[in-house]
Amino acid sequence: MEAFYKVGFRNGLPFLPDGTPTTVGGVTYARYVSEFREAHRQSTNLEAREVCVLCGGPLGQTPEVDHWIAKSAFPLLSICAENLLPICGDCNSLANKGQKPVHSDGSFTDWFHPYLNPGNEAMQITYELHPRSSVRCDAATLVDQRKVANIDGLLNLSLRWTREFKAEYSKQKDVLLNRARRRFEAAKPGYSQNEILLFVEEWEADLLPSEPHYEVRKVLAAALKEQARLAAWQIELSLVR
């Protein structure tokens, strides 16, 4: 079956997407990826960035077709549509999902499935600004705690989302620092806390759900609006010369 997947799926399987046998126009790897991307596209603009269905980050121009249940362990599922998942290269890397199991000794009770049992509503991102800025992947309810912990461990979501949280934090801070320098050069007053808050609120209002890392950036916006963070930014901006 693995050989059939590697050769047959690439060159074309002898059936249509609905299962009807055919000698021409069968399902191919390229067709599967194309139709999957269209079905899960969050923006109608074909030039818009696409989102990985596992991590919420950029899907990339060449998504990798992952076997949710590793084909090396279950080769009969090599061409099962519900076991094929175009995801980003980061999610499919050995450091993250790779060939790791998505079950506990054969049981799927404590695991999400991307199609049959997705975890979208069960997961939430929480943040900590002290002592080090970070985010973590938490369960919305206790009943899903094990599932969320498993998917977090499988994909290292907390670690990866923390990197994105910090990177976007740094970017928005640099934007404000650049603006503060221009104010100083024009002999204008520095930023007040209300002006910083307005900057954050305007940035948050412009966030698009169809863009990668939308959820992480929404959490970052909440963190930046904390009074202590606004005060800290005001002090840093006042030092610009």
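A nonpolar core is a set of buried Ala, Val, Leu, Ile, Met, Phe, Trp, Tyr and Cys residues joined through side-chain atoms within 4.5 Å. Buried means under 20% relative accessible area, exposed means over 50%, and partly exposed lies in between (1.4 Å probe, protein chains only).

**Ground rules.** I am reading a predicted model, where local features need pLDDT of at least 70, side-chain atom pairs count only at pLDDT 80 or more, and totals for chains, interfaces and linings use all residues. I number residues from 1 along each chain as its sequence is written, and side-chain values use heavy atoms, with hydrogens and water left out.

**The core.** I looked up the largest nonpolar core and found 56 residues in it, of which Phe9, Cys52, Leu54, Trp68, Cys91 and Phe165 touch the most other members. Helix H5 (residues 157-185) gives the largest share of this core, seven residues. Helices (H or I, at least four residues) and strands (E, at least two) are DSSP runs, numbered from the N terminus. I then picked Leu54: leaving aside residues up to four places away in sequence, Leu54 touches Trp68, Leu85, Ile87, Cys91, Pro114, Leu155 and Leu157 (contact means heavy atoms within 4.5 Å).

**Helix H1.** Which residues of helix H1 (residues 2-11) are buried? I noted Tyr5, Gly8 and Phe9. They cover an arc of only 105 degrees around the axis, so they sit on the same side of H1; the arc is that of the directions from the helix axis to the C-beta atoms. A handy reminder for me: an α-helix has 3.6 residues a turn, so residues three or four places apart point the same way. On the other side of H1, I found Ala3, Val7 and Asn11 exposed. The cover over the buried residues of H1 includes helix H2 (29-40), strand E1 (64-67) and strand E2 (84-87).

**Salt bridges.** I counted 14 salt bridges, each a side-chain nitrogen of Lys or Arg within 4 Å of a carboxyl oxygen of Asp or Glu. One of them joins Glu204 and Lys218, with the closest N and O atoms 3.3 Å apart. Glu204 lies in helix H6 (residues 193-205) and Lys218 in helix H7 (residues 214-224), so this pair ties together parts that are 14 residues apart in sequence. Glu204 is buried at 16% relative accessible area, while Lys218 is partly exposed at 32%. I also found Arg37, Glu38, Arg41 and Glu50 joined into one network by salt bridges that share partners.

**Whole protein.** Buried residues make up 40% of the 241 residues.
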